[in-house]
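Reader: Could you walk me through this structure, one question at a time?

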Amino acid sequence: MPGTMNTVMLDRPAEEIQEPATLPRLLQGIRPEGPLGLRSHLALHGPLPRVRTGGRRRGREQAGAFIEDLERSGLLGRGGAGFPAAVKMRAVAAAKGRAIVVGNGCEGEPASMKDRTLIQTLPHLIIDGGIIAAEAVGADEVILAMCESSPESTDAITAAIEERGGEGSHSPNLRVAEVPSHYSAGQETALVNHLGGGPSLPTFTPPRVFEKGISGRPTLVNNVETLAHIALISRHGSRWFRQLGTPSQPGSSLVTLSGAVAHPGVYEIETGSSLSSLINAGGGATGPMRGALIGGYGGSWIAGEYLRGIALSNEHLAPHGATLGAGVVHLLSDQACPVAETASLARWMAGQSARQCGPCIHGLDALSEALDQVASGAAPARAGQRISRLASLTARRGACAHPDGAVRMIISGIEAFETEFADHARHGHCEQCSREPELPVPHRPLNMPAPRGKEARR
Amino acid sequence: MSRRVRVNPITCEAHGMCAELLPERIKLDEWGYPIVDGAPLEGEQVDHAVRAARACPTFALLVNNERR
């Protein structure tokens, strides 16, 4: 079961503090035996405030005031891209037509568990956030999108909606949808495409989903952790939220800690706190580390020698080319070969391409092949140059950001483990190469829809 | 208002007509897919771009007024 970090008190003038800045926030009330029920949830957090009660005009003003406070909170989306939550919400509120809200619980990142943990332990926080978001943008429906590979999540969120009277009894209407489990299924346009009855594949933008999403309606897609933060900001306000975190990335964050640590799991950290404090909260490292993968499989590798000084915020991670992304922190043990791990992830990410865009299909396949050649010592001369060229031909040329993330992970791996890559290029596989990869590359049935035509042309 | 070219990478099937008709702005990669310079089109490039967009068998080349 997930752990939580110790209470943190910030050194601020007493008059500024309305409520103490403590952790956990989201994970408060978490119980090993199952989801927190509605009554306990309300006893813990208090009743859900309304952010729109008046008639048309007054209601719009009230909702606008909430979005302004959300903007002051500085909340960034927690699905990986880190887009400001208020900007997205305002765009949906301003778009023409009846809006719709989607809580995104797809979590295709194999090393991430924070979304399913939140869904399965604290579902009412997510539902609260969905209701607040719906009021703020004037939506009459909230769809909670769960990954079909995690039936426990669907069960937990369905049971929580039952506690509130069941689907169809609530205003806004609350509905659960199951979504395929491949990596890009949770990508915003792929999710909207699927929920609108189409294939679970990314679409070309514009139109953006905030203008024209499900059934042509303005659609607000928020990660479930983002919704949980919105639920608390609606209760406590932006000043409370900003008592933790950094000025550019306020609040707390859920992270999934895995690898060379005593207690892998989901932790709530103050954004911007040190990696060492997270490792301590996880019971300490189990041995030396060769490096860390931060953000997700489309994130960045950081070499072991830099890990001591790392703080977990986008600002602090920027000099290392990384972002907090979806909150994945994997500590690579010294039992693992970083070259084999990078090559294994590259192969998996190539296989997770939706195979719609030529540069993503061909570029990721070619990059993966080039990495395998380097790992086995079979690379032709100037393989490094070819990899750099392939990277520039692949990134930013797809309809979605999948190739960009895969390229970022590959290039950061080559840079972080330069010595190891050079060694493999010269001598081939090392002893550790034959081990099972430390980072999971799931072979679960993908149910990825077939792309139209492009595969046949390869 | 400046006009720019953009490719819909989902519908593009690497026919390569665009690079023939708008070589100032479009080159092909090693797989035949267009690498597009999305800076504002100048002078008669606008006409060439519109012609290239009409010639694309999958209508994947877009000439628009929007910022990228």
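Author: Gladly, beginning with a definition: two residues are in contact if their C-beta atoms, placed from the backbone, lie within 7 Å. This is a predicted model, where local features need pLDDT of at least 70, side-chain atom pairs count only at pLDDT 80 or more, and totals for chains, interfaces and linings use all residues. Residues are numbered from 1 along each chain as its sequence is written, while chains are lettered from A and ligands numbered from 1 in the order in which they are written.

Reader: Which residues does Y183(A) touch, not counting residues up to four places away in sequence?

Author: Y183(A) sits in the loop between β3 (173–179) and α7 (188–195) of chain A; helices (H or I, at least four residues) and strands (E, at least two) are DSSP runs, numbered from the N terminus. Its C-alpha atom is 8.0 Å from that of E107(A), 76 residues apart along the chain. Leaving out residues up to four places away in sequence, the residues that Y183(A) touches are G108(A) and Q352(A).

Reader: Is Y183(A) buried or exposed?

Author: A residue counts as buried if 20 or more other C-beta atoms lie within 10 Å of its own, exposed if 12 or fewer, and partly exposed in between, with C-beta atoms placed from the backbone. Y183(A) has 26 other C-beta atoms within 10 Å, so Y183(A) is buried.

Reader: Which are the edge strands of the sheet in chain A?

Author: Strands pair if DSSP finds at least two bridges between them. Four strands of chain A make an open sheet with parallel pairing, in the order β3-β2-β1-β4. Pairing on one side only marks the edge strands of chain A, β3 and β4 (219–223).

Reader: How many bridges join β1 to β2 of chain A?

Author: In this pair, N104(A) stands opposite A145(A) in β2(A). Strands β1 (residues 99–105) and β2 (residues 139–147) of chain A run parallel, and the bridges joining them number six.

Reader: At what angle do the axes of α11 and α12 of chain A cross?

Author: Axes are lines fitted to C-alpha atoms, for helices over the stretch in contact, and angles run from 0 to 180 degrees between N-to-C directions. Angles under 35 degrees count as roughly parallel, over 145 as roughly antiparallel, 65 to 115 as roughly perpendicular and the rest as oblique. α11(A) and α12(A) are therefore roughly antiparallel. The axes of α11 (residues 338–351) and α12 (residues 358–375) of chain A come within 9 Å, and their crossing angle is roughly 160°.
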